[in-house]
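I opened my notebook today to look over a single protein chain. Here is what I looked up, entry by entry.

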Amino acid sequence: IIDHFSFIVIDEAHSIATDATYADSAFHLFTFLQYINDQYPNIKIILMTGTPEPLQNIPNFIEQCTVFDKREECINLVPNKIKFIKKK
């Protein structure tokens, strides 16, 4: 099934580093990402987080990434209008 994917998107990616102190899921996710990176180099991995600093503690991982830091551009985004669409 993995051959049908072009992208893998992980939100709250900082949890790979921060949750590793108390949860096994961070290790499983990191192992999965390493596997995809090694075996399927055509699949792009997108990591999203508002707290990228913890990811810098993962050796040989962030060095392979292209980082787009948009934190200075996306501050206090508030919608101009919120519309509620009722079922009827």
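Entry 1: How do the residues of the lining of the largest pocket divide into nonpolar, polar and charged? I am working from a predicted model, so I note that before anything else. The lining comes out as 14 nonpolar, 6 polar and 5 charged residues.

**Entry 2: the pocket itself.** I looked up its volume next, and the largest pocket holds about 770 Å³. It is lined by 25 residues, and those closest to its centre are Leu47, Cys65, Thr66, Val67 and Phe68. Two elements, α2 (25-39) and β2, each give two or more residues to that lining. The largest share belongs to β2, with 5 residues.

**Entry 3: the fold.** I stepped back to the secondary structure and found 2 helices and 2 strands in the protein chain. Reading along the sequence, I get the pattern β-α-α-β.

**Entry 4: the surface.** Which residues make the nonpolar surface patch? I find Phe7, Val9, Ile46 and Met48 there, and together they make a patch of about 350 Å². Both β1 (7-11) and β2 (44-48) contribute, each with at least two residues of the patch. Phe7 has its place in strand β1. I keep meeting β2 in these notes, as it supplies residues to the patch and also to the lining of the largest pocket.

**Entry 5: salt bridges.** How many salt bridges does a search of the whole structure find? The search gives me 2. I wrote one of them down: the side chains of Glu53 and Arg71 meet at 2.8 Å, N to O. This pair links distant parts of the chain, with the partners 18 residues apart. Glu53 and Arg71 are both placed in the segment after β2.

**Entry 6: overall dimensions.** Last, I checked the protein chain as a whole. Its radius of gyration is 17 Å, whereas a compact globule of 88 residues would have one near 12 Å. Along the principal axes, I find that the C-alpha trace spans about 50 × 30 × 30 Å.

Definitions and conventions: Residues are numbered from 1 along each chain as its sequence is written. This is a predicted model: local features need pLDDT of at least 70, side-chain atom pairs count only at pLDDT 80 or more; totals for chains, interfaces and linings use all residues. Side-chain values use heavy atoms; hydrogens and water are left out. Patches are made of residues with over 30% relative accessible area and no salt bridge: like charges are joined within 9 Å, nonpolar side chains (Val, Leu, Ile, Met, Phe, Trp, Tyr) within 5 Å. Accessible areas come from the Shrake-Rupley method with a 1.4 Å probe; for residues, only the protein chains shown count as cover. A salt bridge is a side-chain nitrogen of Lys or Arg within 4 Å of a carboxyl oxygen of Asp or Glu. Helices (H or I, at least four residues) and strands (E, at least two) are DSSP runs, numbered from the N terminus. On a 1 Å grid over the protein atoms alone, a cavity is a set of points where a 1.4 Å probe fits but cannot get out, and a pocket is an open set with protein on both sides within 12 Å along at least five of seven lines; lining residues have an atom within 4 Å of a point. Grid points are joined across faces, edges and corners, and a volume is the space filled by probe spheres set on the points. Ala, Val, Leu, Ile, Met, Phe, Trp, Tyr, Cys and Pro count as nonpolar, Asp, Glu, Lys and Arg as charged, and the others, Gly among them, as polar. The radius of gyration is taken over C-alpha atoms; the globule rule is 2.2 Å times the number of residues to the power 0.38.
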